[in-house]
Number of protein chains: 2
Amino acid sequence: MIRIVKAEILAIGDELLYGQIQDTNSFWISQELDKIGVKVVRRTTVGDDREAMLHAFSQAEEAADIILITGGLGPTRDDLTKPLLAEYFNCELAIVPEALEAVRQLFERRGRELTPTNELQAQLPTKCQYVPNEVGTAPGMWFEEKGKVWMSMPGVPHEMKRLMSNYVLPRIKRLFDLPVIYHKLVKTVGIGESWLSDLIKDWESALPDHVGLAYLPSIGEVKLRLTATSTTFEEAEREVDEQIERVRPLIGKYIYGYNQDQLHTVVGHHLSQKGESIALAESCSGGYIAHLITSVPGSSGYFKGGMVPYHNEAKEYLLGVKRETLSSKGAVSEETVIEMAKGIKDKFNADYGLSSSGIAGPDGGSSEKPVGTVWIACANKDGVRTKLLKLTQDRALNIHLTAVYALNLLRRCILGESDD
Amino acid sequence: MIRIVKAEILAIGDELLYGQIQDTNSFWISQELDKIGVKVVRRTTVGDDREAMLHAFSQAEEAADIILITGGLGPTRDDLTKPLLAEYFNCELAIVPEALEAVRQLFERRGRELTPTNELQAQLPTKCQYVPNEVGTAPGMWFEEKGKVWMSMPGVPHEMKRLMSNYVLPRIKRLFDLPVIYHKLVKTVGIGESWLSDLIKDWESALPDHVGLAYLPSIGEVKLRLTATSTTFEEAEREVDEQIERVRPLIGKYIYGYNQDQLHTVVGHHLSQKGESIALAESCSGGYIAHLITSVPGSSGYFKGGMVPYHNEAKEYLLGVKRETLSSKGAVSEETVIEMAKGIKDKFNADYGLSSSGIAGPDGGSSEKPVGTVWIACANKDGVRTKLLKLTQDRALNIHLTAVYALNLLRRCILGESDD
């Protein structure tokens, strides 16, 4: 039986406690430790305060095998992590020549002068092992003291992440006898959490004990997280994949991808594969779908472009929507989104044209078309598919949901899958 | 002399420790307590674990006057906050008729049946004061025990926020003799933190003791946060405003707003005021500026629309950029963004045309035009202003920074302010 390895995450800084910045580090570290089978038992945030920090150190030592500390490493007097770790482990601070050279080189590369304050960054507790920070001035410090592992890292997220990925996580994996854990996310769209759970309840109750399932809902989507614990990675992976093969026949049409996949990356991938292209006519989504698509490197290979025809004149003169359609059916209508989708496809000479028109809110609703009424359409050479969405009272949420459902409509058109 | 009132924020839930969801509650509560002069001394997150929770309760009681707890209030056996608070305060759990009636009504409104499990939501520790949750099934619980104030709230963010705003914060303000604190954010764009600090260093060092200053940098922007402590709110406000009047002559051209203002809301406000309109031609920003502008309710009043001409053909045929400009100068050039800005202004019949074209990366750079090279332009009836940006290697960052600088260029055009 493998012993559970416990960790405490300690974030340091007045700016965290006062709500000046959001602590994203502890969240990220939680995820990474979870992936390698280390159990986070507590997260604590304290300010730049001697008593509070020393108390947090001793509490962490009591609770955990591994203590990961972020923040409090700046060169100014406010930053106490380094002197207090030296005090806690009963040792001195001394310049580490290798660390000094690294700081010197960093300042040289940036064309800035090395000040005496910055030289202090190379002064470390003598009991720590120096861990080079390749992208910042505050080094990492690794301690193995009193039977526990301690790592102190800067609070700047990309510096911390680099130290964790390149040094801390591999070293923890070598040092501890960790359970082999394998996770896989199954990403679904277009179905709510309770409906999904109804569809898969027999499969879920038949899951073996060592395979866990979590529902992770987000806007318009639900992720299923399968976790297997086993003796080898290959065995755990095989168990998860086997279960996914069993659940796929039940919910296959809602599954758009796995793990890091996102709807807009998946759509881009399908388009690339088929050598096809897309153009967008976004009224109520206001450019958000274009933003999602163009956030992907290489999207210029399949994204022809888009238009945000926010007013009727633009829909008419620039996209070719008929004036009589707009006047008789209104801008938020099936007929209008069909003409928009066809119009944008032709204007940009793309294989697919995707369009949205709706009442995002908070104003502009009527009894016939309340806030949250949205039409979306996807056109290709074979025709046009449309969908009516009845969304919420919240503008930001409506924009986000319109993008999710429109990208899913496009995905199903590309794959030639039938409508729900 | 006012005694400092200390608070601990306690978040409960395995899903937080395992990184399945980000704890945004503790961050929000930190900000709200800071605003009313309560000092957060620690934030702790523990799992759904009896020992860990009881230990956290006693630690919090030692450290703070006010203990705010979120999470662990669901109706299932995993959720321990309620029974453990009863245990900690040495009392029973009993149904509160008023709470039961509230749960019953909530289920009726939602057209769902009240199950026995859900009835348990109305069972509360006898020592607590029941605090109605108008938007969810788990009630709030207020304790005044052992000389400390405790409040337990559900982990669902909008339920917690409502309880905090309507009940907890007002009650804390009545109960404690809090210092009067007034904050104001001065929002700047287009200048880095160290340059800004150089420009205002004399002003900064002349600040009186009871007025504090913090630099809060974010992407492309730096916020200055002024905080005054005084005996009355009016006095604190006057002190902060007086200091802002002194610093404005030094950095006025970088200040775009205050407090909740954002560049895209400020630009929208200026356009509304002047009865003018804007249209966008976004190449490298890929629709992100349109998304920011249309995220604001009422933006249809001044936003005519936009185009994302991702390929040269679209720039030429749909926007009217000359073929010879594209072939001789390239798509990423001052000449091209000028023609794009003029073209979009005319196509949409808007007062301003704003354009971007650049190499967002990670690919597509050359020695002459490396990744991060971006041109932006703003056209109106009087002419066109342009700006060359030299940004980063990071695609997402380049898109974000292009939007910030383009919106600032537009802001300065609208205000008729000269270029830097």
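Analyst: Happy to! Let's start with the open sheet of chain B, which is built from 4 strands in the order 10-11-9-12 with antiparallel pairing. At its edges sit strand 10 (211-218) and strand 12 (255-258) of chain B, each of which pairs on one side only. From one strand to the next, the twist averages 25 degrees. Please keep in mind throughout that this is a predicted model.

Inside that sheet, follow strand 9 (residues 180-189) of chain B alongside strand 11 (residues 221-230) of chain B: the two are antiparallel and share 10 bridges. To find your place in this pairing, look for Val189(B), which stands opposite Glu221(B) in strand 11 of chain B. Packed on the sheet is helix 10 (residues 233-251) of chain B, which touches strand 9, strand 10, strand 11 and strand 12 of chain B. The direction of helix 10 of chain B makes about 20 degrees with that of strand 9 of chain B.

Now over to chain A and its domains. Chain A is divided into domain 1 (6-175), domain 2 (180-258) and domain 3 (263-414). Between the C-alpha centres of domain 2 and domain 3 of chain A there are 31 Å. Where these two domains meet, domain 2 of chain A gives 7 residues to the contact and domain 3 of chain A gives 9 residues. On the domain 2 side of chain A, the residues touching domain 3 are 3 nonpolar, 3 polar and 1 charged.

Finally, here is how the two chains meet. Chain A and chain B put 47 residues each into their contact. On the chain A side, the elements that each supply at least two residues are helix 2 (25-35), strand 2 (39-46), strand 10 (211-218), helix 12 (288-294), strand 14 (303-308) and helix 16 (395-414). Strand 2 of chain A has the largest share of that side, with 7 residues. Sorted by class, the side of chain A that touches chain B has 23 nonpolar, 17 polar and 7 charged residues.

There is strand pairing between the chains as well: strand 14 of chain A and strand 14 (residues 303-308) of chain B run antiparallel and are joined by 3 bridges.

Methods: Residues numbered from 1 in each chain as written. Chains lettered and ligands numbered in written order. Predicted model: local features only at pLDDT ≥ 70, side-chain atom pairs only at ≥ 80, totals over all residues. Pairing = 2+ DSSP bridges. Axes fitted to C-alpha atoms, helices over the stretch in contact; angles between N-to-C directions. Domains from an automatic or database assignment. Nonpolar A, V, L, I, M, F, W, Y, C, P; charged D, E, K, R; others polar.
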